[in-house]
Structure formats: C-alpha cells, structure tokens
Amino acid sequence: LPAPTGSTTNLRYQIQIADNVDFTSPIAKEVTPSQYQSVPGDGLQPNIKYYWKVRSVNTFSGIDQFSAWTSVSYFRSAMAKPVLVAPANTATPSLVTRRPAFDWDNTAGATGYQIVISMNAGMNTPLLNASTVLSENVPVINLPANTTLFWHVRATGPNGPSPWSDTWTFKTGNPPSIPVLASPASNALLTNYLPLFNWGDSTLPAGSFKDYEIQVDDDGYFLSPAFSRFTSVGVLTDSQYQTLPADILDPNTTYYWRVRAISTISAADHTSDWSAARTFRTPLAPPGSLAVIPNAVTPGKPTFDWADVTGATGYTIQVSISPAFGTLLVNGNTSGGSASSYVPTVNLPLNQPLFWRVRAKGTNLGMWSSASVTLTP
C-alpha cells in the first residue's frame with residue numbers, strides 16, 4: 001500500500017476491559033504510552049475473569065484513524081482481602097483467655113484462609129501460621145500470657161491468594177493454668193450414678209481465684225451438657241466437686257467431662273482453656289420387679305424372676321444366708337437380655353430367710369439390685 005500522505009499526529013492507544021468476551025459494557029480508556037498501569041477508580045471487582053484488548057489511534061489530516069483491535073486476552077482479578085472482626089483491634093482492654101476466637105468476614109470465592117499471629121507488626125516471628133476452611137480459628141495451643149500480639153489473614157482459592165488483611169493487634173489474657181483431671185479415671189466404669197469428680201489445683205498467675213466450671217455431656221463436643229455448673233469448692237486448695245445431682249446420668253452411657261478455671265483481674269474474668277476431656281461409663285440399670293415363684297414339686301428350687309434390663313447380655317444372681325452376701329448358696333448366670341429368671345440347680349435350705357440379688361451383664365456391667373428376702377417353705 002502507498003504510504004499515507006498528509007499530517008499524522010497524536011499517536012495513542014485505546015484499551016477496553018470487560019467481564020464478558022463480547023465487551024458489551026467495557027471499561028474504556030485512551031492512553032498515550034503503550035502501557036496501562038491501573039483502571040480508573042474502582043473499575044475492577046475482586047475474583048472476576050476479565051477480558052481485554054487494545055487498538056492504536058492517531059489523527060491523520062484532522063481525522064482519527066484506528067487500527068484493528070488486538071486479539072482478546074484475559075486475566076483474573078485477585079480475591080478481596082478479608083475483613084477482620086475479632087478480637088478487636090486494640091491492645092487494651094486485654095482479652096481474658098490465651099486461646100481467643102479469631103473471626104473475619106467470608107471472602108467471595110475463597111476455599112480457605114491462612115491466619116498468622118506474630119509477636120511483632122512485621123509478622124516475621126509467627127507464633128501461629130495455620131490454614132482453615134472456615135472464616136474463624138481458635139488456636140490449639142496457648143498463646144503467651146499477658147502479651148500484645150499481631151494478626152492478619154488472607155484468603156486462598158482459584159484466584160488467590162488474596163492480599164493480606166489489615167494487621168490488627170490484641171493483648172492476651174492472664175488466666176489460671178488449665179486444670180488437670182484426676183478422677184474418675186479415663187474410661188472408668190462407675191459403680192453408681194453419683195460420681196465424685198476431682199482435678200488438680202490450677203495455678204493463679206495474677207488476680208484472685210473465682211471458681212471452676214465443670215461440664216458433663218454424652219457428646220464429646222459438649223453442645224448440650226447434661227450438667228454444667230460453676231463451683232468454688234476448693235478455692236485452689238481442694239479442687240473437687242462432690243457429686244452430680246440425682247437423676248442427671250442415664251444408665252449404660254458413655255459421658256465426657258471437662259473443667260476450666262476462672263480468676264478475676266481488674267474486674268474482668270480471665271478463663272483458662274478447657275481441660276482435655278475424659279470419658280466415664282455408667283453401669284447398666286439394676287433389675288427391678290424382683291419376685292420368687294414357689295415350686296410346689298421341689299420347694300427348695302423356686303424360680304427367681306426380675307424385669308428385663310435394656311442393654312443386658314445376661315444376668316448374675318446371688319443367693320445367700322447373709323445380707324452382706326459373704327457366704328453364697330447360689331452364684332449363677334443366665335445368657336441373653338431376656339433370660340431374666342433363674343431356677344437353682346441345688347436345693348436351697350428350707351424354713352429360713354434367704355437374701356438374693358441380681359445384676360445385668362454387658363459392656364457396662366450393671367449395678368446390683370437391692371437385696372430381697374424370701375422365706376423358703
């Protein structure tokens with residue numbers, strides 16, 4: 001083609017950016033140099049696939065002349081940086097725990113988050129560098145007590161990582177030490193439904209001791225505790241809670257329990273983390289409806305009968321001439337949860353009072369029934 005004649009001036013470029021390949025609503029701008037540093041204002045949104053193209057334009061003899069558009073390319077904008085929620089961005093007043101709950105707003109497009117907690121604002125000495133799929137985190141270790149710390153978060157995902165959030169600061173609490181559980185022993189089988197709970201004394205770094213909190217639940221997450229109570233029994237010298245209220249525990253059940261300590265510093269309650277949870281098991285219920293059915297043919301071999309116990313795999317029956325069951329005339333067993341009767345294999349003595357009791361067998365051995373007295377004919 002012949003070279004153009006006339007005056008050519010004002011060489012420049014036009015750029016278009018859109019969130020669709022048809023460029024139906026583009027962000028358009030005319031620039032002079034062949035680079036484009038940023039879009040105007042808040043032109044781009046986070047976590048979006050954008051398309052872009054460029055053409056050149058100059059003025060020839062007073063008329064704008066345009067090249068063809070370049071081929072279309074695309075890029076992905078980064079996710080928005082998370083917005084922190086808690087702990088609040090302040091060193092005072094201090095928190096009341098060494099394991100505070102960290103929370104931030106959800107970030108669109110995020111599949112996870114990275115949280116960093118540090119001793120300094122430069123974030124180069126992290127105490128915690130953890131990943132989580134939720135927009136929250138509770139440290140699994142105690143942070144330093146009574147210390148000003150810094151934290152920030154960024155989102156991860158297909159268009160990530162995002163920029164780091166703002167860096168916030170907080171001051172940890174100075175609570176008592178975490179109680180150490182003593183009894184019941186781990187996975188212990190109780191012999192009643194009113195256990196004695198005992199744990200080691202907490203140490204008190206500052207302030208005054210307030211109380212302990214104990215929780216008992218059949219769920220290891222403690223979502224709906226069967227029992228939850230504050231107790232100042234012991235006051236750091238004898239940290240035990242005597243018994244549960246009656247009718248709290250169900251038979252043949254595994255329960256979890258845990259304890260934490262609370263002190264008061266400058267009118268604020270500082271709370272230790274929960275102790276490691278332990279389990280204990282309650283026994284099968286004692287059989288009820290005990291009855292003795294006489295045997296007219298063989299009076300020394302009556303039928304001992306009782307009600308079925310849920311969860312039982314069998315029963316043990318004892319007969320004695322003593323209410324303390326020191327000397328046993330019968331120490332028999334039955335198999336099956338519904339095998340709730342027993343006939344002695346030997347004749348029992350006649351014309352004297354005899355004492356008998358029964359308990360259910362199973363994974364959690366049952367409690368003895370109350371001793372019942374029968375007078376053989």
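A salt bridge here is a side-chain nitrogen of Lys or Arg within 4 Å of a carboxyl oxygen of Asp or Glu. The model is predicted.

Q: How many salt bridges does the structure hold?
A: Side chains of opposite charge can pair when their charged atoms come close. Among the pairs here are Arg-12 with Asp-64 and Asp-166 with Lys-81. The number of salt bridges in the structure is five.

Q: Which residue forms a salt bridge with Arg-12?
A: The closest N and O atoms of this pair are 3.2 Å apart. That lies within the 4 Å cut-off. The partner of Arg-12 is Asp-64.

Q: How many residues apart in sequence are the parts that Arg-12 and Asp-64 tie together?
A: Arg-12 lies in strand β1, residues 8-18. Asp-64 lies in strand β4, residues 63-66. The pair therefore ties together parts whose separation in sequence is 52 residues.

Q: Is Arg-12 buried or exposed?
A: Buried means under 20% relative accessible area. Arg-12 has 7% relative accessibility. Arg-12, by contrast, counts as buried.

Q: What is the distance between the closest N and O atoms of Asp-166 and Lys-81?
A: These two residues form a salt bridge. The pair links distant parts of the chain, 85 residues apart. Asp-166 sits in the loop between β11 and β12, and Lys-81 in the loop between β5 and β6. Their closest N and O atoms are separated by 2.9 Å.

Q: Where does Arg-99 lie?
A: Arg-99 meets Asp-273 in a salt bridge of 2.8 Å, N to O. The two residues are 174 residues apart. Asp-273, partly exposed at 25%, is in the loop between β20 and β21. Arg-99 is in the loop between β6 and β7.

Q: Which residue in β10 is the bridge partner of Phe-102?
A: Strands β7 and β10 run antiparallel. Two bridges join them. The bridge partner of Phe-102 in β10 is Asn-137.

Technical notes: Residues numbered from 1 in each chain as written. Predicted model: local features only at pLDDT ≥ 70, side-chain atom pairs only at ≥ 80, totals over all residues. Heavy atoms only, no water. Helix = DSSP H or I, 4+ residues; strand = E, 2+ residues; numbered from the N terminus. Buried < 20%, exposed > 50% of the residue type's maximum accessible area, 1.4 Å probe, protein only. Pairing = 2+ DSSP bridges.
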